[in-house]
Amino acid sequence: MSIAFVFPGQGAQTIGMGRALADAYPAARAVFDEVDDALGEPLSQLIWEGDQDALTLTQNAQPALMATSMAALRALEAEGIGMDRASFVAGHSLGEYAALCAAGALSVADAARLLRTRGQAMQEAVPVGIGAMAAILGLDFAAVTAVAEEAAQGEVCQAANDNDPGQVVVSGHKAAVERACEIAKAKGAKRAMLLPVSAPFHCALMAPAADVMAEALGKVHLNAPSVTVVPNVRAQGCDDADVLRGLLVDQVTGSVRWRESVAWMAGQGVTEMWEIGAGKALCGMIRRIDRSIATRAVGTPDDVIAVRDA
């Protein structure tokens with residue numbers, strides 16, 4: 001049996017996430033303290049007692065989700081379940097930073113600061129109302145890529161997230177994304193709906209944010225990962241710290257190739273994937289990609305104990 005640890009991205013955030021872990025495991029609480037210290041503000045207070053709209057702001061959601069993932073991982077480690085159980089790590093978009101933390105390539109403090117910078121840069125790259133993202137259900141990646149190209153009409157419209165065989169997200173200028181929804185429906189999509197996001201992530205409009213991240217990542221030390229990382233934009237394993245740094249920059253404007261990443265890990269013999277952190281969205285995607293892969297969500301003390309006792 002080969003296991004991959006996978007880490008969720010934006011959209012999984014909820015008020016109260018990780019609090020039970022912090023209450024049950026000192027090592028989990030220490031993660032939130034480290035993130036608070038790194039950011040110079042009590043982000044944990046917002047996560048546990050704040051306003052959902054404030055938590056959903058990209059600059060808050062990104063470090064908050066990483067912190068929750070790392071708290072869950074520290075709780076597993078406290079129960080004797082360490083990174084030696086994982087053959088690969090991968091994360092969905094910002095989850096890739098948690099994957100790099102888990103593999104020892106990035107410190108929690110550096111990841112928190114990078115994700116705060118990433119969230120602010122992505123939000124500032126495009127004025128509110130100029131861009132949009134939409135989920136296209138019922139068409140595969142190739143079909144949605146063709147839809148996006150047809151919808152662009154001189155604007156930006158790209159297939160941004162290849163989540164699973166029937167769910168692809170497009171991103172770009174708002175009018176182009178709206179055209180993509182209509183074209184997709186005409187081509188047989190089951191649904192095509194705008195997403196409640198504040199910016200058009202993972203498309204060419206994010207180029208200013210990619211420049212910011214190139215500068216920020218250039219100032220941070222990355223270790224060689226202890227576990228092979230499967231980056232979003234490459235969808236196959238990588239162990240080179242300098243290459244991983246460059247791929248984090250590419251990821252800002254590049255597609256999240258989640259379907260291909262899961263399929264690649266399965267091809268390397270992975271039979272089980274554990275979603276470490278908030279929510280169960282990745283578990284659902286993984287089941288739709290390959291039903292032979294067993295999934296497990298680990299985001300609460302009960303989940304941790306269930307793994308320990310399995």
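Asn161 stands opposite Val169 in strand 5. Strands here are DSSP runs of E with at least two residues, and helices are runs of H or I with at least four, both numbered from the N terminus. This is a predicted model, in which local features need pLDDT of at least 70 and side-chain atom pairs count only at pLDDT 80 or more, while totals for chains, interfaces and linings use all residues. Residues are numbered from 1 along each chain as its sequence is written, and side-chain values use heavy atoms, with hydrogens and water left out.

**Around strand 5**
- Strand 4 (residues 157-164) pairs with strand 5 in the antiparallel sense over six bridges; two strands pair if DSSP finds at least two bridges between them.
- A hairpin through two residues joins strand 4 to strand 5.
- Strand 3 (residues 131-137) also runs antiparallel to strand 5, joined by seven bridges.
- Ala132 stands opposite Gly172 in strand 5.
- Five of the seven residues of strand 5 (residues 167-173) are buried, so strand 5 is largely enclosed by the rest of the structure.
- Buried means under 20% relative accessible area, exposed means over 50%, and partly exposed lies in between (1.4 Å probe, protein chains only).

- An open sheet of five strands has parallel pairing and the order 7-2-1-8-9.
- Its edge strands, strand 7 (228-229) and strand 9 (294-298), each pair on one side only.
- Helix 13 (residues 281-289) packs on the sheet and touches strand 1 (2-7), strand 8 and strand 9.
- The direction of helix 13 makes about 175 degrees with that of strand 9; axes are lines fitted to C-alpha atoms, for helices over the stretch in contact, and angles run from 0 to 180 degrees between N-to-C directions.
- Five bridges link strand 8 (residues 270-276) and strand 9 in the parallel sense.
- Glu272 has Ala294 as its bridge partner in strand 9.
- Helix 14 (residues 301-309) lies across strand 8 and strand 9, at about 135 degrees to strand 9.

**Nonpolar cores**
- In soluble globular proteins, nonpolar side chains tend to be buried together.
- The largest nonpolar core here has 84 residues; such a core is a set of buried Ala, Val, Leu, Ile, Met, Phe, Trp, Tyr and Cys residues joined through side-chain atoms within 4.5 Å.
- Helix 5 (residues 58-78) gives the most to this core, with ten residues.
- Phe5, Met66, Val89, Leu106, Met206 and Ile276 have the most contacts inside the core; contact means heavy atoms within 4.5 Å.
- Not counting residues up to four places away in sequence, Leu106 touches several residues, including Tyr97, Leu100, Val220 and Leu222.
- Another core, of 21 residues, lies apart from the largest one and has Ala132, Ala151, Val168 and Val170 among them.

**Ser93**
- Ser93 lies in the loop between strand 2 (86-91) and helix 6 (95-102).
- Ser93 counts as buried, at 11% relative accessibility.
- Leaving aside neighbours within four places in sequence, Ser93 is in contact with Arg118, His202, Asn232, Gln251 and Val256.

**The whole protein**
- The protein has 14 helices and nine strands.
- Its radius of gyration is 18 Å, close to the 19 Å that the globule rule gives for 310 residues, so the protein is as compact as a globular protein of that length.
- That radius is taken over C-alpha atoms, and the globule rule is 2.2 Å times the number of residues to the power 0.38.
- Buried residues make up 56% of the 310 residues.
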